[in-house]
Amino acid sequence: MSGIGKVVCVTGASGYIASWLVKILLQQGYTVNATVRDPHDPEKTDNLVALDGAKERLHLLRADLMEEGSFDSAINRCDGVFHTASPVLDSRFTIDPQAEIIDPAVKGTLNVLSSCAKSPSVKRVIITSSIASVFENGTPLTPGVVVDETWFSDIAFCEKNKRWYTLSKTLAEVAARKFAKESGMDLVTIHPGFVIGPLVQPSTKTTAKLILDQISGAQTFPNRVLPFVDVRDVANAHIQAFEVASASGRYCVAGPVLHILESLKILLHLYPSLTIPDKCEDDNEPLKPKFQVSNLKAKSLGIINFVPLEVSLRDTVESFREKGLLNI
């Protein structure tokens with residue numbers, strides 16, 4: 001196990017990606033300092049303390065993105081830091097995007113990096129960003145377009161179109177890169193696509209919930225094209241980005257790009273008893289075209305074979321059933 005003797009910090013450890021990251025890190029022998037806002041909240045922590053290796057090598061610590069210095073103790077003496085904590089809110093229901101999404105993402109990232117800078121033991125910092133901070137710049141996404149790490153979402157475009165989550169991730173990345181450059185910090189950012197796959201958590205409010213909503217009585221499907229990726233591949237990409245000495249810069253981590261309707265049809269094939277919506281919410285518009293996301297750089301991390309989409313979708317549904325979130 002490659003992590004034996006190494007200590008790492010995972011921020012926002014109760015999250016969808018983070019909980020898988022903690023699980024795999026423990027499996028690989030790492031000691032993990034896991035931060036959550038309330039270590040005494042069983043809904044957020046029971047799933048973590050039950051993981052194999054948690055009794056011996058998992059330490060739950062309180063930290064808050066908006067509290068300067070609150071990550072100091074969790075990060076002190078760590079070999080590496082995985083910063084996954086960031087607000088994930090539906091922009092449609094955001095009352096104050098600056099306070100609810102942007103400030104926690106940007107100021108929270110800088111607070112974490114400030115704590116990293118205080119600890120000379122930290123060799124590398126891995127930040128969980130998003131594919132959203134890569135391709136939302138107004139460029140038409142068509143079948144011939146290949147999105148890669150050289151793309152950057154446009155701040156003005158995001159502001160104009162009220163893409164608050166994308167804006168928060170973009171601004172947080174800009175701030176992080178500036179901080180890292182000025183402090184000489186070794187920083188890598190991971191940009192996952194639309195993350196699906198089984199849950200370690202008891203429930204989910206993140207990307208996988210879109211799948212749950214669509215097979216739980218939705219009347220229409222969104223007119224969206226999504227670069228799907230399995231949560232286990234995303235967690236592994238984070239760990240490889242820490243372990244591979246040559247890793248640097250940004251990494252898009254995404255598998256097949258499909259319209260949401262195509263993914264629902266795959267689910268219907270797997271589970272014929274499912275009821276899926278047959279009408280698009282954008283009924284007067286044609287279905288959006290697919291595009292491509294390059295995974296060439298991700299392969300340099302050793303992520304050669306992504307979990308097949310059919311397996312990810314099946315495991316997502318089975319996980320919903322096991323957690324009591326879906327009855328089929």
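## Close-up views of a predicted model

View 1. Asp-213 and Lys-209 sit four residues apart in helix α9 (residues 208-214), so about one helical turn separates them. Their side chains meet in a salt bridge, 3.0 Å from N to O. A salt bridge here is a side-chain nitrogen of Lys or Arg within 4 Å of a carboxyl oxygen of Asp or Glu. Asp-213 is partly exposed at 33% relative accessible area. Lys-209 is also partly exposed, at 31%. Buried means under 20% relative accessible area, exposed over 50%, and partly exposed in between (1.4 Å probe, protein chains only). Helices (H or I, at least four residues) and strands (E, at least two) are DSSP runs, numbered from the N terminus.

The model is predicted: local features need pLDDT of at least 70, side-chain atom pairs count only at pLDDT 80 or more, and totals for chains, interfaces and linings use all residues. Residues are numbered from 1 along each chain as its sequence is written, and side-chain values use heavy atoms, with hydrogens and water left out.

View 2. The whole structure holds 15 salt bridges. Side chains of opposite charge can pair when their charged atoms come close. Glu-262 bridges to Lys-290, with the closest N and O atoms 3.4 Å apart. Glu-262 belongs to helix α11 and Lys-290 to the loop between α11 and β12, so the pair ties together parts that are 28 residues apart in sequence. Glu-262 is partly exposed at 30% relative accessible area. Lys-290 is partly exposed at 34%. Elsewhere, salt bridges with shared partners join Asp-230, Arg-232, Arg-314 and Asp-315 into one network. Within that network, the side chains of Asp-230 and Arg-232 meet at 2.8 Å, N to O. Asp-230 is buried, at 1% relative accessibility.

View 3. Six of the six residues of β7 (residues 187-192) are buried, so the strand is largely enclosed by the rest of the structure. In a regular strand the side chains alternate between the two faces of the sheet. Here both faces are covered. Leu-187, Thr-189 and His-191 are buried on one side, and Val-188, Ile-190 and Pro-192 on the other. Strand β5 (residues 124-128) runs parallel to β7, joined by four bridges. Ile-126 has Val-188 of β7 as its bridge partner. Strand β10 (residues 249-253) also pairs with β7 in the parallel sense, over five bridges. Pro-192 stands opposite Val-253 of β10. Two strands pair if DSSP finds at least two bridges between them.

**View 4. A negative surface patch.** Glu-281, Asp-282, Asp-283 and Glu-285 gather in a patch of negative charge on the surface. Patches take residues with over 30% relative accessible area and no salt bridge; like charges are joined within 9 Å, nonpolar side chains (Val, Leu, Ile, Met, Phe, Trp, Tyr) within 5 Å. Glu-285 lies in the loop between α11 (260-270) and β12 (292-293). Glu-285 is partly exposed at 48%.

**View 5. Positive phi in two loops.** Most residues other than glycine have a negative phi. Arg-77 has a positive phi, near 70 degrees. Arg-77 lies in the loop between α4 (72-75) and β4 (80-83) and is exposed, with a relative accessible area of 67%. Lys-162 has a positive phi of about 55 degrees. Its loop runs between α7 (155-160) and α8 (164-183). Lys-162 is exposed at 56%.

Key
Areas by Shrake-Rupley, 256 points an atom, 1.4 Å probe, with all protein chains shown as cover. Lys, Arg positive; Asp, Glu negative; His and termini not counted. Charge placed at Lys NZ, Arg CZ, Asp CG, Glu CD.
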